[in-house]
Amino acid sequence: MSTAKLSPLSAQWSMLSLADIDPFPAYEILRERGPVIWDPGMNCWLVLSYELCKEVESDEGTYRIVVADAPPLSFEIKGGKTAVSSLLGDDHTRMRRLYLNLLGPSMMPKYRDEHVLPVINDAIDRFADAGRAELSSQFSEVVPARIMASMFGLPWKDDGLLADIEKWHGDIVTWVGMGYSGEEVTRKAKLASDKLNEVFRPLVLARRDERGDDIISQIWTQAPEYYGPVSVDDVLAIVRGIEIAAGETTTNAIANLFYLFLTNPEIRDAASSDHEAGLNRCVEETLRSLGSVQWRYRVANRDLTLGGAAVKQNDTLCLVNAAANRDPEHYACPHSIDLERKSPADHLAFNVGPRVCLGMWLARLMMRESMKAIMNRVPEVRLDPEEEAPHFRALSHRSYGPLHVVF
Ligand code: HEM
C-alpha cells in the first residue's frame, strides 16, 4: 500500500514521505500524537519536543551514537576511526580539544581573511557582470567546499577536482543513508573513499614532513599535545571527517539565509543594517526556523520511558531538531521570524551536549560573510519572477532552492 497520501495522524505515516516538501506543517500535526512517536517507515522513534531532544543529546550514557554499532567497513569508507564523530568516551573528549583549538573562535579572524573572503569574492566575481545568477549552484553549493579546500591547502579553484570530491562525498552519504547496505551502493562508496584517499593522503604525507600554515600541518603539530601521537591514517581520518561534516550542512544553511533575505523584508532590513548584531540575529533565526540538518539519530542503551513512549533497549531515536526548534512549549510564535528572541542562539541546529557541532563558529562565519558580500556587491539582488520559485529540497539535510536572482 502506498503511504504517500496518509495523514501524519495515521500510525502508518512515515517521515520518508516529506522529501522535497515543506516539512513543518507535518511536524505540527505529528505533535498532536505526542512528543515521541513511532515511525514505521524509518523504523525508529521520532522525538519532536525541544526539552526531550536536548535531554537525549545531553545524555550519552543512556543514548549512544549510531556509529557505536556501525560495521568496520563504515569506518574504512569514511576514512578511518580517528575522526572525532567516530570516537567514544575519553578518546572523544581528548580529540574534541584538538578540534576546538583548530576550529574554535580564536581562529576565525585568520580563516576569514585567508580563506572565507577570497573564496566568497571569487564566487561573486564569476557572476557579478551577468546581472543574474542561480545562487544555489553558483554560490551556496560551491563556496563551503572551496573554503574547506583552501583551508586544507588544495587547489580550491580547480572546479573539476571539487566537483569530483562533492560526487564522492555524495556516494558515501547515500551509502550511510541506506544503512551501510546494498551491493552497488557499497561498491560506489568504497570506490569514492579510495578516490578521496588518493586526493588527501599525499597532502597528509607532505605536511608531515614539511609543515605549512594550513590546517593539515596544524593537526600534525598540535595533535600530540591535545590527543597524543597520530599516524598518517589518523590524520587522514580527521581531515576526511572535517571535510564531510562541513560541506552540505553549511551549503544548506547559506541557501536558507539567502532565501529568507530574498523573501522576508524584516530579515532583509536587519541584515542590511550597519550593525553586525542584526545580521547575527538573522543567522540564528535561519538556523532555528529552517534547520539545514533536520535530524540526528541515537540508540537507547536500555529499556526506558521517554515522553510517554515505551522505548526498548537498542531502539533507534530520531531527534528531529528542526521540529524541536519550533516547539511551542519553548518558543513563543515558533513559526514566525522573530529577531528579538531573548536567547537567539539557544536552538538545536548544532545539537547540544557532548557532541555539539565543532564547526559552528566557522559555519556562522561562512553564513555571515556570504550574506554581507552579496549585500555589498549586488545590493539590488532579488528573486527572478520569470524563473522557477524556490522550494524545500531533499529530506534530512535540506534547504530552499533553486535561488534564481536578478540584480
Ligand atoms: C550550518 C552548518 C552546520 C550544521 C547545521 C551542523 C550541524 C551539526 C550537528 C547537528 C552535529 C551533531 C551530530 C551528532 O551528534 O549526531 C554536528 C557535529 C559536528 N560538526 Fe557540524 N554542522 C555544521 C557545520 C560544520 C562545519 C563547518 C564543520 C567543520 C568545519 C563541522 C564539524 C562538525 C564535527 C567535527 C562534528 C562532530 C562533533 C562530535 O562528534 O563531537 N560542522 N554538526
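Leu46 stands opposite Cys318 in strand S8. The structure is a predicted model, in which local features need pLDDT of at least 70 and side-chain atom pairs count only at pLDDT 80 or more, whereas totals for chains, interfaces and linings use all residues. Residues are numbered from 1 along each chain as its sequence is written. Helices (H or I, at least four residues) and strands (E, at least two) are DSSP runs, numbered from the N terminus.

Strand S2 (residues 44-47) and strand S8 (residues 316-319) are joined by three bridges in the parallel sense. These strands belong to an open sheet of five strands with mixed pairing, in the order S1-S2-S8-S5-S3. Its edges are formed by strand S1 (36-39) and strand S3 (63-64), each of which pairs on one side only. Two strands are taken to pair if DSSP finds at least two bridges between them. Asn43 lies in the loop between S1 and S2. Its phi is near 60°, a positive value in a residue other than glycine. Asn43 is exposed, with 12 other C-beta atoms within 10 Å. In this classification, a residue is buried if 20 or more other C-beta atoms lie within 10 Å of its own, exposed if 12 or fewer, and partly exposed in between, with C-beta atoms placed from the backbone.

A further open sheet has three strands in the order S4-S12-S9, with antiparallel pairing. Strand S4 (132-134) and strand S9 (382-383) are its edge strands, each pairing on one side only. S9 and strand S12 (residues 404-406) run antiparallel and are joined by two bridges; the bridge partner of Leu383 in S12 is Val405. The loop between strand S11 (399-401) and S12 contains Pro402, and the peptide bond that joins Gly401 and Pro402 is cis, with omega of about -5°. Ala394 is placed in the loop between strand S10 (391-393) and S11. Although Ala394 is not a glycine, its phi is positive, at about 75°. Ala394 counts as partly exposed, with 15 C-beta neighbours inside 10 Å.

The largest nonpolar core comprises 102 residues, of which Val47, Val239, Leu257, Phe258 and Val320 touch the most other members. Helix H11 contributes the largest share of this core, 16 residues. Such a core is a set of buried Ala, Val, Leu, Ile, Met, Phe, Trp, Tyr and Cys residues joined through C-beta atoms within 7 Å. When residues up to four places away in sequence are not counted, Val47 touches Pro35, Val36, Leu52, Cys53, Val56, Leu317, Cys318, Leu319 and Val320. Contact requires that the C-beta atoms of two residues, placed from the backbone, lie within 7 Å.

Helix H13 (residues 276-290) has 15 residues and should span 21 Å at 1.5 Å a residue; its end C-alpha atoms are 21 Å apart, which agrees. The expected span is 1.5 Å times one less than the number of residues in the helix. Eleven of the 15 residues of H13 are buried, and the helix is thus mostly covered. Among the buried residues are Leu279, Arg281, Cys282, Glu284, Glu285 and Arg288. The elements that cover the buried residues of H13 include helix H11 (232-263), helix H12 (265-272) and helix H15 (360-377). Just after H13, Gly291 takes a positive phi of about 50°.

Ala149 is located in helix H7 (residues 143-152). Ala149 is buried, with 21 other C-beta atoms within 10 Å. Apart from its neighbours within four places in sequence, Ala149 is in contact with Leu154, Trp156 and Leu162. Ala149 and His115 are 34 residues apart in sequence, and their C-alpha atoms are 9.0 Å apart in space.
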